[in-house]
Amino acid sequence: LLIPEERREEELATFQRIRQGETIENYEAKRRRKDGSDIDVSLTLSAVRNDRGTIIGASKIARDISARLVAEETLWHSEEQLRLAQTAAHVGIWDWDPGNDRLSWSAEMLNLYGLSQPLHSYAEWRKLVHADDLPRIEAERAEALRSQQVFNIDYRIMHGSGEIRWISSRGQGWYHEDGRVLRVL
């Protein structure tokens with residue numbers, strides 16, 4: 001009664017794996033409630049053995065994951081809307097972890113810079129900035145981070161096409177309670 005008709009073969013295959021002594025963790029499946037509605041579950045199944053190690057049964061734990069799946073779908077739709085908005089507005093998103101010098105960029109940031117591969121460090125980004133603009137950018141950014149303010153800086157880059165282009169960058173720090181900059185977004 002708990003297993004929808006269209007899922008019965010799947011259940012038989014699962015029990016065959018248990019008969020062979022396999023443990024199955026976080027197996028996502030559908031099950032049926034008393035009221036006849038379906039529910040998404042995550043199953044953990046394992047063989048139960050006697051003192052001699054012979055399999056004498058099976059243990060199954062089912063956890064309701066419906067809320068998690070709804071949250072994942074909602075997140076996916078939200079991320080898709082953000083991606084479409086970024087593309088339409090020509091706005092990229094970047095994130096820099098200064099402690100580990102890790103840089104991450106959205107796909108639209110790559111388009112704005114004319115790059116096919118993401119940059120991974122601040123040093124790589126510096127190479128794309130026009131040399132005349134770099135000291136000003138770094139001074140303004142450092143002051144904004146020191147004073148925990150938003151920065152808004154316009155500067156020139158060497159685009160992947162070879163052209164010099166203007167970029168307008170806006171960001172702010174995310175700080176540890178002791179004041180250290182954890183991330184620049």
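Tutor: Before we start, a definition: contact here means heavy atoms within 4.5 Å. Keep in mind that this is a predicted model.

Student: Okay! Which helix lies across S1, S2 and S3, and at what angle does it run to S2?

Tutor: Start with the sheet itself: it's open, has 3 strands in the order S1-S2-S3, and pairs in the antiparallel sense. The helix you want covers residues 66-89 and lies across those strands. That's helix H2, running to S2 at about 125°.

Student: And which strands sit at the edges of that sheet?

Tutor: Go by the order, S1-S2-S3. An edge strand pairs on one side only. That gives us strand S1 (24-32) and strand S3 (55-64).

Student: Which residue in S3 stands opposite Val41?

Tutor: Strand S2 takes in residues 38-49, and S2 pairs with S3 over 9 bridges in the antiparallel sense. Follow Val41 across to S3 and you land on Asp64.

Student: Now S8 and S9. How many residues lie between them in the hairpin?

Tutor: S8 is residues 173-175 and S9 is residues 181-184, an antiparallel pair with 3 bridges. Across that pair, Tyr175 stands opposite Val181. In the turn, Gly179 has a positive phi of about 100°. The number of residues between the two strands is 5.

Student: Last one: which strand gives the most to the lining of the largest pocket?

Tutor: That pocket has a volume of about 350 Å³. Among the 22 lining residues, Trp94, Met109, Tyr155, Ser169 and Arg170 are the closest to its centre. By class, the lining has 16 nonpolar, 4 polar and 2 charged residues. The top contributor, with 4 residues, is S7.

Key: Residues numbered from 1 in each chain as written. Predicted model: local features only at pLDDT ≥ 70, side-chain atom pairs only at ≥ 80, totals over all residues. Heavy atoms only, no water. Pairing = 2+ DSSP bridges. 1 Å grid on protein atoms, 1.4 Å probe; cavity = no way out; pocket = protein on both sides within 12 Å on 5 of 7 lines; lining within 4 Å. Points joined across faces, edges and corners; volume = space filled by probe spheres on them. Nonpolar A, V, L, I, M, F, W, Y, C, P; charged D, E, K, R; others polar. Axes fitted to C-alpha atoms, helices over the stretch in contact; angles between N-to-C directions.
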